[in-house]
Amino acid sequence: MTAAMPAGLVRDKLRAGLIHLGISACIVGAVGALMLMAWYPQPWFQHDGGWTVYRLILLVDVVLGPLLTVIAYRRNKPGLKRDLGIIAALQLGALAFGVTTMLQHRPVFVVFAENNFFTVSWKEVHAATQDTARIDALASAAWSRELPLVFLQLPADPARRAALRHIQDSGGPPVPAQGDHYEAMNDAHWTAVLALASNIEGLARGDPDIRAELERFRAGHPGPLEAFAFLPVVCRSGVLMLAFDRKTRALIGWME
């Protein structure tokens, strides 16, 4: 029969684990705040990969790290500092990997391309773009609370358009990531975009989920529905419906 662990040792282990948990939670919480404020502002944190990466960081740095400390800790144990150092190094390595992944795959533009909005990541755009300095300038607003909207002006030559689609079909960067063809949104672009707005009331009549989402949106945005334009955006986890103010052209909400 296995002897019970002394109560004093249990208290020491729990105290060490709680201290480790508190430190880890503060660090990971700061990373989460940065994600929401800069790297993955909503709705992209939830719908464009942010939460997927963040929960892995939570698992390794807030759950496994303190748990390993509880297992390894024993006061005056030979090699204790080495064991705790290894645990800390593993956590820091996982955190560095997670943050690097976030930065590479963060959504950096919402692109209107071929009659639809798409989110594209920093890595995709840089892989598909020759004039990266111009793209970096356009993306400067991506470090604010909203991603910049851009218009993809495809080449007029059908052969060049076909070449871009062939790159996509061959496993290369998607057409919406072709940053050399980005243009800042202007009045002509907005006229073309808003003309394609969805008939949200008609969609809601035929789909109870859309109807429920529309009711949620209306609860926070009173006024005539005609004041808003609803346009779909394809992101990493599916399709959202973005809501724009027709006068200001500002993104004011979204529907899942």
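Where does Pro 43 lie? Pro 43 is placed in the loop between α1 and α2.

1. Basis of the note. This is a predicted model, in which local features need pLDDT of at least 70 and side-chain atom pairs count only at pLDDT 80 or more, while totals for chains, interfaces and linings use all residues. Residues are numbered from 1 along each chain as its sequence is written, and side-chain values use heavy atoms, with hydrogens and water left out. Helices (H or I, at least four residues) and strands (E, at least two) are DSSP runs, numbered from the N terminus.

2. Helix α2 (residues 44-47) contains His 47. His 47 counts as buried, at 10% relative accessibility; buried means under 20% relative accessible area, exposed over 50%, and partly exposed in between (1.4 Å probe, protein chains only). The side chains of His 47 and Glu 256 make a polar contact at 3.3 Å. A polar contact is a pair of N or O atoms within 3.5 Å; within protein, one must be able to donate a hydrogen and the other to accept it, and residues adjacent in sequence count only if both atoms are side-chain atoms. Beyond neighbours within four places in sequence, His 47 is in contact (heavy atoms within 4.5 Å) with Cys 235, Arg 236, Ser 237, Leu 240 and Glu 256.

3. Helices α1 and α4. The axes of α1 (residues 7-39) and α4 (residues 80-105) come within 12 Å and cross at roughly 5°. Axes are lines fitted to C-alpha atoms, for helices over the stretch in contact, and angles run from 0 to 180 degrees between N-to-C directions. The two helices, α1 and α4, are therefore roughly parallel to each other; angles under 35 degrees count as roughly parallel, over 145 as roughly antiparallel, 65 to 115 as roughly perpendicular and the rest as oblique. Among the residues making this contact are His 20 and Trp 39 of α1, and Ile 87 and Leu 103 of α4. The buried residues of α4 include Leu 80, Asp 83 and Gly 98, and their cover includes α1 and α3 (50-72).

4. The loop between β1 and β2. Glu 114 lies between β1 (107-113) and β2 (116-121), and its phi is near 50°, a positive value in a residue other than glycine. Glu 114 is partly exposed, with a relative accessible area of 42%. Asn 115 belongs to the loop between β1 and β2 and has a positive phi of about 70°, although it is not a glycine. At 59% relative accessibility, Asn 115 counts as exposed.

5. Helix α10. In α10, Glu 213, Leu 214 and Phe 217 are buried. They cover an arc of only 100° around the axis, which puts them on the same side of α10; the arc is that of the directions from the helix axis to the C-beta atoms. The face turned away from the buried side of α10 carries the exposed residues Pro 208, Glu 215 and Ala 219. The buried residues of α10 pack against α9 (200-206), β5 (228-235), β6 (238-245) and β7 (251-255).

6. Leu 231. Strand β5 holds Leu 231, which counts as buried at 2% relative accessibility. Leaving aside neighbours within four places in sequence, the contacts of Leu 231 include Phe 117, Val 193 and Leu 240.
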